[in-house]
Amino acid sequence: MTRFGFTIHATDGKARTGTIAMRRGEIRTPAFMPVGTAATVKAMKPEGVRAAGADIILGNTYHLMLRPGAERVARLGGLHRFMNWDRPILTDSGGYQVMSLSELRKITEEGVTFASHLDGSRHMLSPERSMEIQRLLGSDIVMAFDECPKIDQPRDVIAKSMEMSMRWAQRSRDAFDAGGEHAEGAALFGIQQGALDEGLRNESADALSAIGFDGYAIGGLAVGEGQEAMFATLDFAPGQLPQDRPRYLMGVGKPDDIVGAVERGVDMFDCVLPTRSGRNGQAFTWAGPLNMRNARHAEDTAPLDERCPCPTCTTYSRAYIHHLTKSGEMLGAMLMTEHNLWFYQQLMQALRDAIAAGTLAEFARGFRSDYFRG
Ligand SMILES: [Zn+2]
């Protein structure tokens with residue numbers, strides 16, 4: 001069986017569509033990965049996540065190391081068995097969330113020591129410990145440990161952070177390769193840093209390519225810079241990375257972010273937006289997002305989206321979902337999460353089809369026209 005293979009089937013401008021082959025299954029690209037933060041895609045059973053069209057989900061190292069603990073997950077047979085998902089899982093390195101969630105952080109060349117946001121207990125993450133945790137979880141795509149700096153800092157601060165992340169990338173590579181049986185079946189991705197700076201992004205891409213990874217992530221974006229700045233960076237960043245490897249834009253995004261990033265050559269995405277929005281009363285549709293708390297839906301018998309074949313839209317009305325949402329009923333969050341995950345996967349399928357047909361520019365124009373008209 002293939003450990004990791006990436007085949008590009010068609011290109012359209014800078015965009016590509018292809019297949020990643022791994023031991024636990026194939027991943028169609030461009031791909032969207034639902035986020036399973038704490039060993040669950042919130043409000044969804046795994047079979048529902050799969051039925052929506054997901055080939056791969058994401059698990060969070062930071063959350064799982066704190067609760068229930070990576071060693072415990074390993075004793076219970078690994079993350080796939082623990083949560084009943086037998087297809088590929090990508091785990092992040094913990095680097096981003098240790099910066100955004102933990103307290104009393106101290107960053108040194110060795111790694112990061114921090115206090116848990118749950119109970120204040122002391123923990124350490126380093127490239128070596130991050131690789132160990134992701135191995136204990138049984139991750140299929142392991143992410144290198146990096147530092148994601150705040151984006152609005154002077155260039156020399158961004159440069160120093162990026163250079164340390166590249167030394168950590170080499171240590172991640174070495175620790176991953178020493179992982180025995182796990183390393184023989186899993187893949188390792190490096191993460192490009194350098195904020196919005198083309199020169200620093202290029203240095204980072206060169207350093208990662210010299211080490212060699214199965215795929216390459218574009219890190220340090222979607223951290224508050226705004227879509228215009230993100231797209232300006234994506235005008236050059238994907239092209240700096242190896243052409244024959246998947247490119248993964250971490251933490252993105254809104255449907256229109258994804259369309260614009262695919263046009264700029266990105267192959268993989270993850271984001272909490274479809275699941276988090278589903279719990280907050282927001283439904284994504286081809287005519288733009290809907291706030292289901294709004295009273296205008298109170299007697300609307302239409303589905304969330306007329307074009308959507310999902311179990312929510314083929315069964316329930318906007319009026320019912322409005323009522324559930326207003327009443328704080330769990331089922332409201334479940335139905336809207338299911339629809340949102342289906343919507344995101346239908347968007348990815350439409351992007352893949354448009355690239356294969358050579359009609360991506362036309363599709364993207366039509367998408368934006370409908371999405372922003374609503
Ligand atoms: Zn639907």
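Is C310 buried or exposed, and what is its relative accessible area? C310 is buried, at 0%, where buried means under 20% relative accessible area, exposed over 50% and partly exposed in between (1.4 Å probe, protein chains only).

Some notes on the rest follow.

1. A word on the basis. This is a predicted model, in which local features need pLDDT of at least 70 and side-chain atom pairs count only at pLDDT 80 or more, while totals for chains, interfaces and linings use all residues. Residues are numbered from 1 along each chain as its sequence is written, and side-chain values use heavy atoms, with hydrogens and water left out.

2. The zinc site. C308 (SG), C310 (SG), C313 (SG) and H339 (ND1) coordinate the zinc ion at 2.1 to 2.3 Å; donors are N, O and S atoms within 2.8 Å of the metal (3.2 Å for Na, K and Ca), and sites may look incomplete because water is not among the atoms. Along the chain the donors are spaced C-x1-C-x2-C-x25-H. The angles between the four donor atoms run from 97 to 121 degrees, so the arrangement is tetrahedral (four donors, all angles between 85 and 135 degrees). C308 is buried too, at 6% relative accessible area.

3. The whole structure has zero of them, counting a pair of cysteine sulfur atoms within 2.5 Å as a disulfide.

4. Three strands, in the order 1-2-3, pair antiparallel; helices (H or I, at least four residues) and strands (E, at least two) are DSSP runs numbered from the N terminus, and two strands pair if DSSP finds at least two bridges between them. Strand 1 (4-12) and strand 3 (25-29) are the edges, each with a single partner strand, so one side of each lacks a neighbour in the sheet. Eight bridges join strand 1 and strand 2 (residues 15-22), and I8 stands opposite G18 in strand 2.

5. Helix 12. Eight of the nine residues of helix 12 (residues 255-263) are buried, so the helix is largely enclosed by the rest of the structure. Among them are P255, I258 and V262. G265, with a positive phi near 100 degrees, follows helix 12.

6. Salt bridges. There are 17 in the structure, each a side-chain nitrogen of Lys or Arg within 4 Å of a carboxyl oxygen of Asp or Glu. One of them joins R155 and D197 (2.8 Å, N to O). R155 lies in helix 7 and D197 in the loop between strand 11 (187-192) and helix 9 (198-211), so the pair ties together parts 42 residues apart in sequence. R155 is partly exposed at 48% relative accessibility, as is D197 at 22%. R28, R50 and D55 form a salt-bridge network.

Technical notes: Tetrahedral: all angles 85-135°; square planar, octahedral: opposite > 155°, others 65-115°.
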